[in-house]
Amino acid sequence: MKPHLLSLLLIFSLFAANLLYADPVNINTATAEQIAENLQGIGIKKAQAIIQYRELNGKFHSAEDLLNVKGIGESTLRNNQDNLLFE
């Protein structure tokens, strides 16, 4: 039983490290896959919504602009604002 517990702990640690050390994302040039992989609480559907909004409305200029995308709320923005690039 102990080897399984250690394996689970290792997997959890790697997953947590990935969340803490995600690469910054240029929200104006990133693909949906890059957005989903590197931002917390954003899966592929929300990432595609960000891309669609960007294509229809132009570049994002600030983190707050993301609040205009359906499905992106204050908590998602707060959790990701340090990993967002706009240039």
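**The largest cavity and its lining**

A: By class, the lining of the largest cavity is made up of 5 nonpolar and 2 polar residues, with no charged residues among them. This description rests on a predicted model, and the values that follow are computed from that model. The residues concerned are Ile42, Leu66, Ile72, Thr76, Leu77, Asn80 and Leu84; under the classes used here, Thr76 and Asn80 count as the polar members of the lining, while Ile42, Leu66, Ile72, Leu77 and Leu84 count as nonpolar.

As for volume, about 30 Å³ of space lies in the largest cavity, and the structure holds 1 cavity of 30 Å³ or more. Among the secondary structure elements, helix H4, which spans residues 74–80, gives the most to the lining, contributing 3 residues; Thr76, Leu77 and Asn80 are the lining residues that fall within that range.

Of the 87 residues in the chain, 29% are buried, and the chain exposes about 6300 Å², of which carbon and sulfur atoms supply 58%. Where contacts with a separation of 6 or more are considered, residues 24 or more positions apart account for 43% of them.

Technical notes
Residues are numbered from 1 along each chain as its sequence is written. This is a predicted model: local features need pLDDT of at least 70, side-chain atom pairs count only at pLDDT 80 or more; totals for chains, interfaces and linings use all residues. Side-chain values use heavy atoms; hydrogens and water are left out. On a 1 Å grid over the protein atoms alone, a cavity is a set of points where a 1.4 Å probe fits but cannot get out, and a pocket is an open set with protein on both sides within 12 Å along at least five of seven lines; lining residues have an atom within 4 Å of a point. Grid points are joined across faces, edges and corners, and a volume is the space filled by probe spheres set on the points. Helices (H or I, at least four residues) and strands (E, at least two) are DSSP runs, numbered from the N terminus. Buried means under 20% relative accessible area, exposed over 50%, partly exposed in between (1.4 Å probe, protein chains only). Contact means heavy atoms within 4.5 Å. Accessible areas come from the Shrake-Rupley method with a 1.4 Å probe; for residues, only the protein chains shown count as cover.
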